[in-house]
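A walk through selected residues and their surroundings is wanted.

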Amino acid sequence: MAGKFELKVAKNGQFHFNLLAGNGQVILQSEMYETKASALNGIASVQKNAPDDNRYERLVSKSGKPYFTLKAGNHQIIGQSQQYESEASRDNGIESVKKNAPEAQVIEASA
């Protein structure tokens, strides 16, 4: 099963999206966007930038858990991962984004 972008509307009316792997697990979350068009542009940016390893920043949270961000060419963060138990798991998450994002379809989630 292929990955997909799930586009959602928050209670405050803003838009955000999650990239889901083929198994339905969230592998990347976006920020909030004012408009649907902006969120769709964010998805397009993830699709464009995901294959480039240089766009990923590998980080460690204050609690010591590895995670990553994906940045656009202008260095803006366009997505962030969950926190992982190990660096190897985080790196697997990056590989999953690289694999799933470029061809993922956009699905609008109902509220």
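Lys 11 is found in the loop between β1 (4-9) and β2, where helices (H or I, at least four residues) and strands (E, at least two) are DSSP runs numbered from the N terminus. The model is predicted, so local features need pLDDT of at least 70 and side-chain atom pairs count only at pLDDT 80 or more, while totals for chains, interfaces and linings use all residues. Residues are numbered from 1 along each chain as its sequence is written, and side-chain values use heavy atoms, with hydrogens and water left out. With a relative accessible area of 90%, Lys 11 is exposed; the term means over 50%, whereas buried means under 20% and partly exposed lies in between (1.4 Å probe, protein chains only). From Lys 11 to Gly 79 the C-alpha to C-alpha distance is 20 Å, and the two residues are 68 apart in sequence.

Gly 79 belongs to a strand pairing: it is the bridge partner, in β6, of Leu 70. Strands β5 and β6 run antiparallel and are joined by 3 bridges; two strands pair if DSSP finds at least two bridges between them. Their hairpin has 5 residues between the strands, and His 75 there takes a positive phi near 75 degrees. Another antiparallel pairing is that of β2 (residues 15-20) with β3 (residues 26-29), again through 3 bridges. Here Leu 19 has Leu 28 of β3 as its bridge partner. In this hairpin, with 5 residues between the strands, Gly 24 has a positive phi near 90 degrees.

Ser 81 lies in the loop between β6 (77-80) and α2 (87-100). Its relative accessible area is 4%, so Ser 81 is buried. The residues that Ser 81 touches are Ile 27, Leu 28, Tyr 67 and Phe 68, leaving aside residues up to four places away in sequence; contact means heavy atoms within 4.5 Å. The side chain of Ser 81 also reaches the backbone nitrogen of Phe 68 at 2.9 Å.

At 1.5 Å a residue, its 14 residues should span 20 Å, and the end C-alpha atoms of α2 are 20 Å apart, which agrees; the expected span is 1.5 Å times one less than the number of residues. Buried residues of α2 include Arg 90, Gly 93, Ile 94 and Val 97. Among the elements that cover the buried residues of α2 are β2, β3, β4 (56-60) and β5 (66-71).

The structure holds 4 aromatic pairs. In Phe 17 and Tyr 33 the ring centres are 6.1 Å apart and the planes at 15 degrees, so this pair is stacked. Rings of Phe, Tyr and Trp (its six-membered ring) pair if their centres lie within 6.5 Å; planes under 30 degrees apart count as stacked, over 60 as edge-to-face and the rest as tilted. Phe 17 lies in strand β2 and Tyr 33 in the loop between β3 and α1 (36-49), so the pair ties together parts that are 16 residues apart in sequence. Phe 17 is buried at a relative accessible area of 0%, and Tyr 33 counts as buried at 10% relative accessibility. Tyr 56 and Phe 68 form an edge-to-face aromatic pair, 5.8 Å centre to centre with 65 degrees between the planes. This pair links distant parts of the chain, with Tyr 56 in strand β4 and Phe 68 in strand β5, 12 residues apart. Tyr 56 is buried, with a relative accessible area of 6%, and Phe 68 is buried, with 0%. Finally, ring pairs link Phe 5, Phe 17 and Tyr 33 into a cluster.

Note on methods: A polar contact is a pair of N or O atoms within 3.5 Å; within protein, one must be able to donate a hydrogen and the other to accept it, and residues adjacent in sequence count only if both atoms are side-chain atoms.
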